[in-house]
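Here's a quick briefing on what holds this fold together. Have a look at the structure first, then read on.

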Amino acid sequence: MKRVLIILTILIFIFVANGCVPSVPDYERVEIEALIERYGNALLVQDHDLAKSCLVPGGPSDQNFELKYQIIVNILTTQPEYTGQTCSIPIFGVNTGQIKVDGDWANVKLESRQVCGFCENIYWIPYPIPIADYAVSAPAQGGSGVSPFNQWVCFENTFLVDDESLLLKKVNGQWLIY
């Protein structure tokens with residue numbers, strides 16, 4: 001009888017513990033990650049209207065957008081890895097951790113915010129420092145003029161999306177950054 005009570009207690013504990021952390025459906029996670037990536041990529045290509053359309057109108061991110069956008073444009077137009085001088089036009093990607101959804105609100109923990117591009121020489125890139133694990137040498141193209149130092153490089157980027165977690169709000173059935 002004691003054994004049955006112990007097993008029952010353990011099962012109840014496991015059930016309660018799992019029930020307290022609501023799981024987010026895969027389609028919701030994909031939609032949320034796509035929003036954050038669309039926002040970051042719109043900033044990278046300096047598409048003001050597309051980036052702004054990812055924000056809740058009148059929300060804190062929307063209210064601070066113009067200043068943040070100008071800072072980002074200044075970085076993008078002065079750093080060689082973003083201007084096409086040493087790297088191709090980069091792309092932004094995000095990996096999310098825990099996502100907590102409560103009705104029309106979601107709190108998204110970001111595990112990484114990577115910018116990737118095909119760069120001539122990763123040692124030329126002064127900022128941000130590339131992560132060596134993501135740099136892969138391209139095979140030398142004999143006589144084609146392609147440098148053997150050309151590499152696909154990804155590095156952590158914190159100025160496009162500078163928060164460790166984001167608060168999202170569902171507006172008219174669509175997630176937006178609050």
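**Inside the core**

Setting aside residues up to four places away in sequence, Ile36 touches Phe92, Val94, Val108, Leu110, Val161 and Leu166. Keep in mind that this is a predicted model. Here's the rest, by topic.

**The nonpolar core**
- The largest nonpolar core has 35 residues.
- Ile36 is among the residues with the most contacts inside this core, along with Ile32, Tyr39, Leu43, Phe92, Leu160 and Leu168.
- At least two core residues each come from helix 2 (26-44), helix 5 (65-78), strand 1 (91-102), strand 2, strand 4 (151-156), strand 5 (165-171) and strand 6.
- Helix 2 gives the most, with 7 residues.

**Cysteines**
- You'll find 1 disulfide in the structure, and it joins Cys116 to Cys154, with 1.9 Å from S to S.
- The link of Cys116 and Cys154 is right-handed, with 110° about the S-S bond.
- Cys116 sits in strand 2 and Cys154 in strand 4, so this pair ties together parts that are 38 residues apart in sequence.
- Both Cys116 and Cys154 are buried.
- Cys54 is buried too, with a relative accessible area of 1%.

**Aromatic pairs**
- Searching the whole structure turns up 2 aromatic pairs.
- One of them is Trp105 with Tyr178, an edge-to-face pair at 4.9 Å centre to centre and 80° between the planes.
- Trp105 belongs to strand 2 (residues 105-119) and Tyr178 to the segment after strand 6 (174-177), so the pair ties together parts 73 residues apart in sequence.
- Trp105 is partly exposed at 32% relative accessible area, and Tyr178 is partly exposed at 29%.

Note on methods: Residues numbered from 1 in each chain as written. Predicted model: local features only at pLDDT ≥ 70, side-chain atom pairs only at ≥ 80, totals over all residues. Heavy atoms only, no water. Phe/Tyr/Trp six-rings, centres within 6.5 Å; stacked < 30°, edge-to-face > 60°. Helix = DSSP H or I, 4+ residues; strand = E, 2+ residues; numbered from the N terminus. Buried < 20%, exposed > 50% of the residue type's maximum accessible area, 1.4 Å probe, protein only. Core = buried A, V, L, I, M, F, W, Y, C linked by side-chain atoms within 4.5 Å. Contact = heavy atoms within 4.5 Å. Disulfide = S-S within 2.5 Å.
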